[in-house]
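Welcome, and please open your viewer. We will take a short walk, one selection at a time.

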Amino acid sequence: MVEAAPHVRGLGRLVGNPSVTKSDNIVSVAQLTLSSKNPTATKADALIIGVAKTSDGAAIIGDQLPPEFVQQLETLSTTLSITGAPDEVRKLPAPEAVSAGVLVLTGLGERDDEGAFKAETLRRAAGAAIREVAGSASAVIALPTLSDDDVAAVAEGALLGAYAISGLKSDEEAIAKAAPVETIEINTQFTRSQRAKAAAERAEVLAEAVHATRDLVNTPSNLLFPATFAEAAKAAVKDATAKGAKGLKVTVLDDRALLAGGYGGIMGVGQGSARPPRLVKVAYTPAKASGDMAQIGLIGKGITFDTGGISIKPSASMEQMTMDMAGAAAVLHTTIAAARLALPVAVTAYLCLAENMPGGGAMRPGDVITIRGGKTVEVINTDAEGRLVMADGLVAAIEDGHDTVIDIATLTGAQMAALGARTAGVMGTDCVRTALHEAAEAAGESNWPMLLPDYLATGLKSNVADMMNVSNERLAGMQVAGLFLSKFVGDTPWGHLDIAGPAWNTGSPYGYLGKAATGYGVRTLLKYLETRAA
Ligand code: BES
Ligand code: MN
Ligand code: ZN
């Protein structure tokens, strides 16, 4: 029953589809180089320059640029009412003294108290400018880099901005116009710094992971369903292994194995679909495994489409539920990135894959299911399905003996009501929650800690089973979902990320993010793993 997946970059290529076209083989990240040459003399389609906002108006930031050129640009900025605000990007014809075809001025906002720009400011300025020059082949970025970390930030922002959803359009002209920049040169004094070089290489691995996550999340649900997702995971591991990653192993539990193993959450949610569920484990074991090495389980929600099931969702915006597997995609590609960077931590990703459909075999409200390990759940609302598949995944991860488990899921609409579209909720054991918050800050992803007070769990009490899957309490839906999951982790240190909002950009593009899938979570999780490795 595996349907054809023509043209889908990532998926079409990864599942070995016979109708793969040339555009399926686009490299997934731009080529990156560091250079200290005068950027005005470098041949490229675009030269990207930063503009800061100051009390006396816009200021061109360009120690690398000839002073008379800077002067000229500042006059021009005033004439054109350029302010230097973040996300303000202006394309200008390049003056004669510049070898590049166009000049792109990108807003940096105000300097911080130390006279520098925050890492996230640099990422966004670089990414917004790179998005603006989509359709051209090459760009030189001359943003201020005062440290190796600044080089890392510019590299990350630029590579993350060089992304386009591809493979689903047939209009070659439209494809070419939106194609991401292929080669990026970052102008910096740190070309000989080993740390800067390592940062650039890490940025490439990171961006590949984020892009691969976005590709999966952007893939429509007729093409990406549990079986093809499992194939895509195997293919992604094979690809990483071919690129030199060591220690990756994939195990796929199909519906027969899930039934036999008592995975009642994943099976229950998947039983209304003609396309059966899967649990995919992707384990990374470092070459030099040591006894005191961290061992971390990452559990991802992988609902390849969420109709709500019998408790069906309204049709308005239901098409967005193609993104309800963003957590599973993030844990898959974080684990692969950890292997590619040869981090000295053991990591296993658990992809809890099911399609939530209202078919003839679907769960009914009132059904009682048994999660792996024996706890029973009365399913009051079949649309609260994420917590059911995640409960199985958490139990499986804890059985495997990890010292920490972290789950990531597009779990509740309440997350967006509480924190908005750009900030995830982070919950769990104090130490893991705090570490995940700090990792997110460092990585340039936004999350905010939320309480899990016991009293909110009393509403989950069931007359017939150990608990219900939704609460009688209408308030604090994000925390109630977190409390539901907490019932399955025992005393294992645990973190929970609710990414319903930030996984998918329904608004306009900004910074290094386009519309639709953002790849949210990969950067936070990778930073967390790196911290545990240090
Ligand atoms: N996948 C949804 C949550 C979601 C909503 C993610 C919007 C992204 C955007 C989840 O399965 C769901 O339906 N949650 C319900 C839970 C409720 C029935 C307790 C919700 O939030 O409405
Ligand atoms: Mn749902
Ligand atoms: Zn869902």
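What follows is a tour of a ligand and the residues around it.

This is a predicted model, in which local features need pLDDT of at least 70 and side-chain atom pairs count only at pLDDT 80 or more, while totals for chains, interfaces and linings use all residues. Residues are numbered from 1 along each chain as its sequence is written, chains are lettered from A and ligands numbered from 1 in the order in which they are written, and side-chain values use heavy atoms, leaving out hydrogens and water.

**Select ligand 1.** Of the 17 residues around ligand 1 (those with a heavy atom within 4 Å of it), Lys313, Asp324, Asp383, Glu385 and Gly413 come nearest.

Strand 10 (295-306) and helix 12 (413-419) each supply at least two residues of the shell around ligand 1. Helices (H or I, at least four residues) and strands (E, at least two) are DSSP runs, numbered from the N terminus.

**Show the N and O atoms.** A polar side-chain atom of Asp306 lies 2.9 Å from an oxygen atom of ligand 1. A polar backbone atom of Gly413 is 2.7 Å from an oxygen atom of the ligand. At Thr410, a backbone N or O atom lies 3.4 Å from a nitrogen atom of ligand 1.

**Now select Asp324.** This residue is in the loop between strand 10 and helix 10 (326-340). Is Asp324 buried or exposed? Asp324 has a relative accessible area of 2%, so it is buried (under 20%, with a 1.4 Å probe and protein chains only).

How values were computed: Buried means under 20% relative accessible area, exposed over 50%, partly exposed in between (1.4 Å probe, protein chains only). A polar contact is a pair of N or O atoms within 3.5 Å; within protein, one must be able to donate a hydrogen and the other to accept it, and residues adjacent in sequence count only if both atoms are side-chain atoms.
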